[in-house]
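Subject: Structure handover

Hello,

I am passing on the structure for you to look at. Please open it first; my notes on what was found follow below.

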Amino acid sequence: MSEGDRIWDAATTLAALGAGGAALWDWTPVADRLELAGASAELGLGPLAPACASAALRALVLPEDRHLADELLELRPEGESVEVCLHFRNGVAAVWRGRWDAQGRAAGIISAAPGATAGRDALTGLLDRNSFLRHARDRLAAPGAHHLIVADLDRLRRLNEALGHERADLVLAALGTRLAAALPASALVARIGEDEFAALCAAEAAPTLVALRRGLERPLSIAGFEIHPKLSLGLVAARGGDDAVDAAELLRRAELELEAGKATRGVATTRLSTDGVSRLALESELEGAIARGELTPFYQPIVRLGSGALAGFEALVRWRHPRRGLLSPDKFLPLCEELGFMGELGTMMRREAALQLAAWRRSRAGAGELTVSVNLSVGELERPELLAETADVRRQADLPPGAMKLEVTEGEVMRDPDRAAVILHNLRSVGVRLALDDFGVGFSSLSYLTRLPFDTLKVDGYFVRTMGTDPGSAKIVSSIVKLGQELALEVVAEGVEDAELARRLFELGCDYGQGYGFSQALCPEDALAFIERSDLEGRRAAG
């Protein structure tokens, strides 16, 4: 056989392809099997080789390219060719070329896409900071409303120490994938720092930060460890066009908002109209507002679903601003956190709520069994003064054990469950009851829940409000109610907005409801009128 007649065997062919940085692919839809040979690792396909299912390819591809992966895998007539460029989350991009045969299979060659990874972060495959700013400037040049969101992974250093850098990188890569998946395909998504991400998208298509947090903070399993990532979020809103703020300045403002909530892992949001002078003015006005009595509790009723009788109130802070009127918490709580006022605010709320409840119980027969709940803000559980202050407040108000309830979020408990257990048992010992707030949003271990001295589970209002339209929410609410029954805990559903929701919750076995379907948060005078009306209705029903 002459040199010109040489037939290349399979091993020689694969060796040649590998040396040239190329690979072969063979796709059999009926068997859902994709086979790879050649330079798989160099092309970012190492996790898929030598064979995988279609779902694995879709998972490795960046979310914005998944429609191209579907195009590649879609069954086509014999002889039809296909060519797509796929970007992977490890930063590699590759061109897939192939042709369909008579047996309903496709096969072809994969080669690197020259220059396709420029401007991409090598770990996540997202845009890098410079590319993000360049694309964002182009996007902001056109008219329209935009949201720029930044997300920062808390405690990356601790993850590096516990897992090692390579495994901690897997957490960052997963968060990048989750962020891209949570946003519309048109969004610009980038990794702009070691542990920081950014996204720019149209305002009307942007998810809420609460929904974004819920998607990003789902637990991860890394090397046998269950990781509960926690992120700080910041957002600014702006309009594009000739007068648009420069992308770098917009990013700076979003990062400032993130820092404002970072210490508390809160969600800090602002609009450009609150930036600058008006924001500084609000900060100045907040100084001394607690001492002047401008920040004060309002009271939202908590109702027994079985009888409709009033069971108690949750104290919620409002700001009676001398010029701006009544301000809701979202207008000033992020500033309170940034300025370090949350400890002072929490102490005031517990004191005022306890004294108010004591006054109602003394003056109204129908208020004799009412309770009041007060939220512990982020970080308060770790304040050394909390136990003594709580005992003093109950003693000064002369409230019986159990009349005052403290609500703690799931995230606060899970920061350090063992330490939280000690603190919560100590609080219980001074005569307060304890509620686990927003249950269902986080990811508490049930083993910890059985060890913690809670009396009440509060179902997050999002799941309650969406029970009628989202079967998943309905299942979550039902499961929490059953869990409460199994653990002999009271269950309070937040977000009860109408009688139908109240009926469904009662049928599930939920004890109490709270929400606009019963009443908004009331000033003390209106709350007293609510008590009297409820007492009168109760006596009529009994008669």
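E352 has a relative accessibility of 33%, so it counts as partly exposed, since that class lies between the 20% and 50% limits. Its salt-bridge partner is R351, and the closest N and O atoms of the two are 3.8 Å apart. R351 is partly exposed as well, at 31% relative accessible area. Please keep in mind that this is a predicted model.

Salt bridges

In general, side chains of opposite charge can pair when their charged atoms come close. A search of the whole structure gives 33 salt bridges. One of them joins R428 and D455, with 2.9 Å between the closest N and O atoms. This pair connects distant parts of the chain: R428 belongs to helix 14, while D455 is in the loop between helix 15 (446-451) and strand 20 (456-459), and 27 residues separate them. Are the two partners buried or exposed? R428 is partly exposed, with a relative accessible area of 37%, whereas D455 counts as buried, at 12% relative accessibility.

There is also a network, in which salt bridges with shared partners join R350, E380, R383, E385 and E389. Within it, R383 forms a salt bridge with E389, and the closest N and O atoms are 3.2 Å apart.

As a general point, an α-helix has 3.6 residues a turn, so residues three or four places apart point the same way. After helix 14 comes G431, which has a positive phi near 100°.

The count of cavities of 30 Å³ or more is two. The largest cavity holds about 70 Å³ of space. Which residues line the largest cavity? They are L381, E382, E412, R415, D416, R419, A420 and I423. By class, this lining has three nonpolar, no polar and five charged residues. Helix 14 gives the most, with three residues.

Aromatic pairs

A pair of aromatic rings is described by the distance of the centres and the angle of the planes. The structure holds six aromatic pairs. In one of these, the ring centres of W25 and W96 are 5.8 Å apart and the planes meet at 55°, so the pair is tilted. W25 is in strand 1 and W96 is in strand 5 (residues 93-100), so the pair ties together parts that are 71 residues apart in sequence. W25 is buried, with a relative accessible area of 2%, and W96 is buried too, at 0%.

Y299 and W360 form an edge-to-face pair, with 5.2 Å from centre to centre and 70° between the planes. This pair also links distant parts of the chain: Y299 is in strand 14 (residues 295-304) and W360 is in helix 11 (residues 342-363), 61 residues apart. Y299 is buried at 1% relative accessible area, and W360 is buried at 4%. Ring pairs link Y299 and W360 with F313 into a cluster.

Backbone details

Most residues other than glycine have a negative phi, and most peptide bonds are trans. Which residues have a positive phi although they are not glycine? D32 is one, with a phi of about 50°. D32 sits in the loop between strand 1 (22-28) and strand 2, and is partly exposed at 33% relative accessible area. D398 is another, with a phi of about 60°. Its place is the loop between helix 12 (386-397) and strand 18 (404-409), where D398 is exposed, with a relative accessible area of 67%.

Finally, the peptide bond between A49 and P50 is cis, with omega about 0°. P50 lies in the loop between strand 2 (33-38) and strand 3 (51-52).

Regards

Definitions and conventions:
Residues numbered from 1 in each chain as written. Predicted model: local features only at pLDDT ≥ 70, side-chain atom pairs only at ≥ 80, totals over all residues. Heavy atoms only, no water. 1 Å grid on protein atoms, 1.4 Å probe; cavity = no way out; pocket = protein on both sides within 12 Å on 5 of 7 lines; lining within 4 Å. Points joined across faces, edges and corners; volume = space filled by probe spheres on them. Helix = DSSP H or I, 4+ residues; strand = E, 2+ residues; numbered from the N terminus. Nonpolar A, V, L, I, M, F, W, Y, C, P; charged D, E, K, R; others polar. Salt bridge = Lys/Arg side-chain N within 4 Å of Asp/Glu carboxyl O. Buried < 20%, exposed > 50% of the residue type's maximum accessible area, 1.4 Å probe, protein only. Phe/Tyr/Trp six-rings, centres within 6.5 Å; stacked < 30°, edge-to-face > 60°.
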